[in-house]
Amino acid sequence: MAISGSSNGYTTAALAFTLAVVSVSAAVSLCRWRRRGQDLEYRIEELEKSLGSTMEKSASERKGRVKAQQALREALAQTESHDLHSTIYPLRPIGTIQSCFSTRNGTPRQPLLVSLARACLVFDPALVPPASLEGLEEYSHCWILYVFHLNTDIEKLWRKPSQSKLKAKVRVPRLNGERKGVFATRSPHRPCPIGLTVAKVEEIQKDKVLLSGVDLVDGTPVLDIKPYLPYSDSIQGASVPNWVKEDCLLAVASVTFSETFSSSITSCWKLIEKKSLYGSADEFRSLIMQVLSWDIRSMSQRNKPQDTLDVEIVYHLVLEKLDVSYMIDNESNILVQDVSLPKNLQDFAGS
């Protein structure tokens, strides 16, 4: 009986101890969870404060930008007409043209005259994300707004506008030098040297657009492009002067190649084919023929009779940085003599 009572006492004590341990453990765990909960609440409060501060700062900056834009618009609206020369608008090129035409000489005077004239419009990735070009591939043609950056008077026009005088009339090649009002022509020499052209969209490659039928020289800065819309951009019944309708005024009679031309272009092609916009030497030859099917000479060159000279004049055309030499007689028959590398081979290799 005494042993049984003692055993029950030990059992009760063990149970009590176990319950005490469990209670203490539960209390400790509860305390830890409370601390964690408090820490979590504190962190949430800090994050909410930080987010609120960021949103307030962002809203303040947005209000500042809006006010600045409104002030700019008001200032522009209040500009008097006699003070327009002092107004500057924020225009910046969004890309650059990589063209088959290395120089102004030979670059077509109008778009789509030379279907094989190719170029690659390379956009500035900092200004034009690839998503900006999504959907452009669905159009066959696009408008291109650009700068006549090779105008000889462009520095004076931009840096010293007060010293730049507007030429009210310019010589028109189709009229053999007869003068017309500058705004009745597409002369590059304009009060604001901005050009507008249309080209065929061949392919979209990330930040590049491959074009054909271009009249753009290599290195041309591009300000904007827009899709060509036939229903609004093609005007049925539009009228133009008679001299504009004459398509054959600058067309040549024939274009032929010398016997040595084939060997010359074959050797030159091996050096440019990897960077060329063309797939073969024959295609490049076709480009030369298309370009020279129009008389690309200046008016002074055309007005100088060939038979009054002691020696025959050799003219030059630079395509994809290759020098193409040719002659033309008084009947407008062209003989393409040769194609050669630039004089500075080092510059060519690094281009």
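## Legends to close-up views of a predicted model

**Overview of the protein chain.** Of the 351 residues in the protein chain, 27% are buried (under 20% relative accessible area, with a 1.4 Å probe and protein chains only). This is a predicted model, in which local features need pLDDT of at least 70 and side-chain atom pairs count only at pLDDT 80 or more, whereas totals for chains, interfaces and linings use all residues. Residues are numbered from 1 along each chain as its sequence is written, and side-chain values use heavy atoms, with hydrogens and water left out. The protein chain holds 8 helices and 12 strands, taken as DSSP runs (H or I, at least four residues, for helices; E, at least two, for strands) and numbered from the N terminus. Among contacts (heavy atoms within 4.5 Å) with a separation of 6 or more, 72% come from residues 24 or more positions apart.

**View 1: the barrel of 6 strands.** In the order β1-β2-β7-β6-β3-β8, 6 strands close into a barrel with antiparallel pairing, where two strands pair if DSSP finds at least two bridges between them. Neighbouring strands of this sheet are turned by 45° against each other on average, direction ignored, the axes being lines fitted to C-alpha atoms and angles running from 0 to 180 degrees between N-to-C directions.

**View 2: strand β1 and its two partners.** In strand β1 (residues 95–99), Gly 95, Ile 97 and Ser 99 form the covered face, while Thr 96 and Gln 98 form the uncovered one. Strand β2 (residues 118–123) runs antiparallel to β1 and is joined to it by 5 bridges, with Val 122 in β2 as the bridge partner of Thr 96. Strand β8 (residues 221–227) is also antiparallel to β1, through 2 bridges, and here Gly 95 has Val 222 of β8 as its bridge partner.

**View 3: the pairing of β3 with β6.** Over 7 bridges, strand β3 (residues 141–147) pairs with strand β6 (residues 194–205) in the antiparallel sense. The bridge partner of Val 147 in β6 is Ile 194.

**View 4: helix α6 and its buried side.** Helix α6 (residues 281–292) has 12 residues and spans 17 Å from its first C-alpha to its last, close to the 16 Å expected at 1.5 Å a residue, counted over one less than its number of residues. Its buried residues are Ala 281, Phe 284, Leu 287, Ile 288, Val 291 and Leu 292. These lie on the same side of α6, because they cover an arc of only 120° around the axis, judged by the directions from the helix axis to the C-beta atoms. They pack against β9 (254–257), α5 (261–272), β10 (315–319), β11 (322–328) and β12 (333–340).

How values were computed
Buried < 20%, exposed > 50% of the residue type's maximum accessible area, 1.4 Å probe, protein only.
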